Amino acid sequence: MRTITLNAVRNLGILAHVDAGKTTLTERFLFATGSTYKRGEVHDGTTVTDFDPQERDRGITIFAAAVTCTWDGHRINLIDTPGHVDFADEVERSLRVLDGAIAVFDGVAGVEPQSESVWRQADRHGVPRIAFVNKLDRAGADLDAVVASIRTRLHTVPLVVQMPIGAEDGFRGVVDLVRMRALVWDDDLAEGPVPEELLAEARRRRRLLEETVAELHPDALEEFFEGGLSEQTLRRTLREITSQGTGTVVLCGSAYRNRGVEPLLDAVIAYLPSPVDVPPVRGVDGQERNADPDEEFAALVFKVNATATGRLAYVRVYSGTLHKGDSVLVAGRAERVGRILRVQADRHTPVDEAVAGDIVALVGLKSARIGATLCAVGAPVLLEPPVSAEPVVSVAVETRTSADNARLVEALAHLVDEDPSLRFGTDPETGQTVLSGQGELQLEVAVQKARTSHRVEITMGRPRVSYRETVSAGVRGFVYRHVKQDGGQGQFAHVVIDTEPLEDGFEFRSAVTGGRVPQEFVRAVEQGCRDALAEGPLGHQVVGLRVTLTDGSTHVKDSSEMAFRTAGRLGLREALKAGAMQLLEPIAEVTVTVPDEYLGGVLGDLATRRGRILGSVARAGATVVTASVPVAEMFGYVTRLRSRTQGRGSFTSTPTGYAPA
C-alpha cells in the first residue's frame with residue numbers, strides 16, 4: 001500500500017561541472033536520510049552511485065545513477081549525473097524525466113564551462129533548480145564571487161538564502177536568512193540564534209533577499225513595503241519563483257565535511273516541485289496525461305542496462321499505475337512486465353506496483369529502448385523521446401582475430417543500446433568497423449566496457465573526426481542534361497543551376513519562370529540536390545550551400561520525377577567540382593586550468609596544436625585559459641597536459657562548430 005502521496009515526491013537530479021562534488025553530495029544525502037550507515041568517498045572508491053569499476057578507477061561519474069531516499073516524510077528520487085562533457089547525453093536523458101534539479105558549484109572556481117552547459121540543458125527542458133555552492137571550506141572559496149558569476153554567466157537572479165559562518169578552513173556553518181537562525185556543525189548539527197557579531201550583516205542580507213523577491217513577485221511587493229516579508233510569505237514566493245524559473249535559490253556548505261546537507265534537503269522539499277506541480281506530460285499528438293495514479297498508464301524509458309539478473313529498463317512513470325505482471329504497449333507490441341524494482345544505484349528492491357511520479361526499473365521488456373514510450377494497451381500514447389547529439393569523434397575498432405568479429409558486433413550493439421549517443425558501422429571505403437561518439441574519453445570507456453562485459457579483445461585506432469566541406473566560390477548557369485535510353489521508356493531531364501556560399505545549412509530556391517520545369521519536377525531536383533550533399537568533391541558532407549534552379553526543360557514522354565532527381569544529384573556534384581570547395585574541420589572550445597608555474601608550457605603546447613587563445617583569467621594561484629582548438633589536435637591531450645603539469649592541470653572541451661581547415 002502506498003503511504004507517500006504525490007505531493008510528497010521529488011524527482012530531481014544533481015548537475016555540475018566535473019569535480020564540483022555531485023557524487024559526494026549524493027553520498028551525504030543518503031547518509032543524512034538514513035539510507036546508508038557509512039559515508040562513502042570518491043577517492044576511496046566507496047560511493048554508492050559510482051559503482052562501475054571504471055568510475056571508481058577514474059574517480060569521476062560516467063553513468064547516471066538513480067537512488068531513492070526519504071526525508072521529512074517525502075520520497076526523493078535522485079539521479080547523480082556525469083559532469084564530464086563527453087557524457088552530456090546522460091545528463092540530457094536524465095533531465096527529460098526530472099521535475100527539478102540541484103546545480104552544484106565549486107566555491108573556488110564558481111561557474112565552470114560544464115556548469116554552463118548543464119544549466120542550458122536544464123533551461124531547454126524547463127527544469128526548475130536551486131543552487132548549492134560547495135567546498136566553502138577550501139582556500140580561496142568565496143560565496144559572493146560565485147553568486148556574482150551565477151548572475152553574469154547564467155543570466156539568472158540569485159536568491160541567496162544563507163550566509164556562511166567562518167571562511168575557508170574555519171567554515172563552521174551557515175545563517176538561515178529565511179528563519180534568521182544559525183546552523184553550526186561540529187560533531188552534529190546545532191541550531192541557535194544568530195551570533196551578535198553576525199547579526200547586522202545577516203539583517204542586511206535578509207533585507208536584500210526580500211528586496212529581490214519583491215521585485216520578482218508582484219504579490220510580495222505590497223507586504224514588503226508594509227514592513228517586510230514574513231517567513232511564510234518568503235517561503236511561498238521563493239517556491240513560486242523557483243517553479244517559474246525567474247530566480248534561483250542559492251544555498252552553501254561543504255558536502256565533504258557534511259556541512260549544509262540537511263538545510264539543502266529541507267530546501268529540496270520547500271522549493272522544488274512535486275510531480276503534481278509540473279504541467280501534464282504531452283504526447284506528440286497533443287494528448288495530455290496528468291500525474292494521477294487513476295489515469296491511464298504512461299511512462300518513458302530513459303536508461304537501459306544489461307545486468308547479471310537481466311535487462312533493466314529505467315522508466316519515469318507519468319500517469320496511471322503499473323502492477324507486476326501487467327502487459328504494456330511498447331514499440332507497437334504488447335509485452336509483460338516481469339518485475340518492478342525500486343532502484344538504489346546497483347542494488348534493487350522488488351515492489352508490487354509503480355504509480356505516477358515514480359522512477360523505477362522494469363524487467364522483462366525486450367523491445368524497450370531509450371526514448372521508448374510505455375503505455376496501457378487500450379490507451380496508446382507516444383511521448384517525445386530525448387534527442388541524442390550527433391557524434392564528433394570516431395575510432396576504428398577491431399578484434400585481434402577474425403573469429404571474434406561476430407562478438408565485436410554484438411558488444412558494440414549492446415553499447416549503442418545503452419547509450420544512443422554512440423554509433424557504429426562499417427566504413428565503405430576502408431572496410432573498418434568505426435565507433436563514433438561525443439569525445440575521446442567516452443570512446444575509451446565504451447571500448448573498455450565491451451572488453452570486460454563481453455570478454456572480447458578489442459584494439460582502437462587513432463580517432464577520426466567528422467570533417468565537412470563548403471563552397472568558397474560557386475558557379476552560375478551550370479547546365480546538366482540527364483539523358484538515358486535503355487530500350488524501354490527513356491529518362492530526360494535538363495537543369496540549369498547556380499551555386500553560392502551560405503552562412504550555414506542548405507537552401508534550395510527555384511527561379512524558373514513560364515512553367516519550363518513543372519513544380520513536381522522542381523521538388524525532385526531539390527531532393528536530388530539534398531542527396532548530393534552526403535558527399536562532396538573532397539569526400540565529406542557538404543554544408544553552407546545555396547542552390548538556385550534557374551532554368552530547365554522537359555521531354556513529353558521521357559521526363560519523370562526520377563529523372564529530375566537524378567539530374568539534381570549528378571548536376572550538383574558536377575557543379576561543386578566546377579566551383580571551389582573549402583575543407584572544414586570541427587573546432588572545440590577548450591578551457592584549461594593550470595597552475596601559474598606551468599602556464600608557459602601549456603600555452604606553447606596549445607600553439608603547436610593550432611590553438612587560438614580566446615582569453616585567460618587568474619584564479620587562486622592558477623590560470624584558466626580558454627582556447628579554440630581543432631578537435632583533430634586534441635587526441636591524447638589529457639596525457640600531455642598531466643605530464644606537463646605533474647598531474648595538476650585539467651581541461652574541458654566543448655564542440656563549438658566548424659572552421660576552415
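**Close-up views of a predicted model**

View 1. The crossing of α6 and α8 is left-handed. On the α6 side, the contact is formed by Arg206, Leu209, Val213 and Leu216. These residues meet Glu231, Leu234, Thr237, Leu238 and Ile241 of α8. By residue class, the contact of α6 with α8 comprises six nonpolar, one polar and two charged residues.

**View 2. Helix α3 is largely enclosed by the rest of the structure.** This helix covers residues 88-95. Eight of its eight residues are buried, and α3 is therefore described as largely enclosed. The buried residues of α3 are Ala88, Asp89, Glu90, Val91, Glu92, Arg93, Ser94 and Leu95.

**View 3. His17 lies in the loop between β1 and α1.** Strand β1 comprises residues 9-16, and helix α1 comprises residues 22-32. His17 has a relative accessibility of 6%, which is under 20%, and so counts as buried. Residues up to four places away in sequence aside, His17 touches Lys22, Gly83, Glu112, Pro113, Gln114, Ser115 and Thr652.

**View 4. Phe31 is a partly exposed residue of helix α1.** The relative accessibility of Phe31 is 29%; this value falls between the limits of 20% and 50%, so Phe31 counts as partly exposed. Apart from neighbours within four places in sequence, Phe31 is in contact with Thr36, Tyr37, Lys38 and Arg39. Between Phe31 and Pro655 there are 38 Å in space, taken from C-alpha to C-alpha. In sequence, Phe31 and Pro655 are 624 residues apart.

**View 5. Cys69 and Cys375 are buried.** The relative accessibility of Cys69 is 2%, a value under 20%, and Cys69 therefore counts as buried. Cys375 has a relative accessible area of 3%, also under 20%, and is therefore buried. With a disulfide taken as a pair of cysteine sulfur atoms within 2.5 Å, the count for the model comes to zero disulfides.

Definitions and conventions: Residues numbered from 1 in each chain as written. Predicted model: local features only at pLDDT ≥ 70, side-chain atom pairs only at ≥ 80, totals over all residues. Heavy atoms only, no water. Left-handed = near helix turned anticlockwise from the far one by under 90°. Helix = DSSP H or I, 4+ residues; strand = E, 2+ residues; numbered from the N terminus. Contact = heavy atoms within 4.5 Å. Nonpolar A, V, L, I, M, F, W, Y, C, P; charged D, E, K, R; others polar. Buried < 20%, exposed > 50% of the residue type's maximum accessible area, 1.4 Å probe, protein only.
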